[in-house]
Structure formats: structure tokens, C-alpha cells
Amino acid sequence: MLEQLEEVSTPTLISWGKNDTFIRSEHGIQLHHEMRRSRLEILDHCGPNPHKDQPEEVDQLIVETFGNLS
């Protein structure tokens, strides 16, 4: 499956909770390395749902990452 990630050409934001005990952040790092147009942000004080734990910060990351796309 990781081989298929190399083919993804769409800009991708990966937001990961640093305190996610279900799926460790190392997996997010691996995804980021496999996806050439990805941005990885590991958020402090978050579990497996950064969009719920820190919605304002995730919203800002979305704007920063995708706001200038045409």
C-alpha cells in the first residue's frame, strides 16, 4: 500500500495528535515521507482527533496549506 502513496500528487495535510496512543505519530511520519506533496503537523496536547481537540489550530493549518491553491 505504501507504494501507492508515492503516486499521490494532490497536496495533502496530515495532522496528527502527539498523544495519540492508538496509532503512534511514527506512522504519520512514514505517510509524510511516502507522499511527496504532503505537509505533516504533529500537534501537542492532542489525541487521535486533532480536529476535535484543537479545531482552531487545525483550521489555521488548512488555510495555510490550501488557502493559496488555484
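**Helix H4 and what surrounds it**

I'll start with the packing of helix H4: its buried residues pack against strand E1 (12–17), strand E2 (38–43) and helix H3 (50–53). Some terms before I go on. Helices (H or I, at least four residues) and strands (E, at least two) are DSSP runs, numbered from the N terminus. Buried is under 20% relative accessible area, exposed is over 50%, and partly exposed is in between, with a 1.4 Å probe and protein chains only. Contact, or touching, is heavy atoms within 4.5 Å.

Now the source. This is a predicted model, in which local features need pLDDT of at least 70 and side-chain atom pairs count only at pLDDT 80 or more, while totals for chains, interfaces and linings use all residues. Residues are numbered from 1 along each chain as its sequence is written, and side-chain values use heavy atoms, with hydrogens and water left out.

The overall picture next. The chain has four helices and two strands, and from the N terminus on the order of elements is α-β-α-β-α-α. Along the principal axes, the C-alpha atoms fill a box of roughly 30 × 30 × 10 Å. Of the 70 residues, 29% are buried. The accessible surface of the chain is about 5,100 Å², and carbon and sulfur atoms account for 50% of that; areas are from the Shrake-Rupley method with a 1.4 Å probe, and for residues only the protein chains shown count as cover. Taking contacts between residues at least 6 apart in sequence, 62% join residues at least 24 apart.

On to the strands. E1 and E2 run parallel and are joined by six bridges; strands count as paired if DSSP finds at least two bridges between them. Ile14 stands opposite Leu40 in E2. Between the two strands the chain passes through H2, and this β-α-β crossover is right-handed, that is, with the strands pointing away from the viewer, the path from the first strand over the helix to the second runs clockwise. E1 is mostly covered, with five of its six residues buried.

Ser25 lies in H2, which covers residues 25–34. Ser25 counts as buried because its relative accessible area is 16%. Leaving out residues up to four places away in sequence, Ser25 touches Trp16 and Ile42.

His45 sits in the loop between E2 and H3. The phi of His45 is positive, about 60°, although the residue is not a glycine. With a relative accessible area of 68%, His45 is exposed.

Back to H4, residues 55–66. At 1.5 Å a residue its twelve residues should span 16 Å, and the end C-alpha atoms are 16 Å apart, so the two agree; the expected span is 1.5 Å times one less than the number of residues. Which residues of H4 are buried? They are Val58, Leu61 and Thr65. These cover an arc of only 55° around the axis, so they are on the same side of H4; the arc is that of the directions from the helix axis to the C-beta atoms. The face of H4 turned away from the buried side carries the exposed residues Glu56 and Val63.

Thr65 is buried, since its relative accessible area is 19%. Beyond its neighbours within four places in sequence, Thr65 contacts Leu13 and Arg39. Thr65 and Arg39 are 26 residues apart along the chain, and their C-alpha atoms are separated by 7.8 Å.

Ile62 is also in H4. Is Ile62 buried or partly exposed? Its relative accessible area is 38%, so Ile62 is partly exposed. Not counting residues up to four places away in sequence, Ile62 touches Leu13 and Gly67. Its C-alpha atom is 21 Å from that of Asn19, 43 residues away along the chain.
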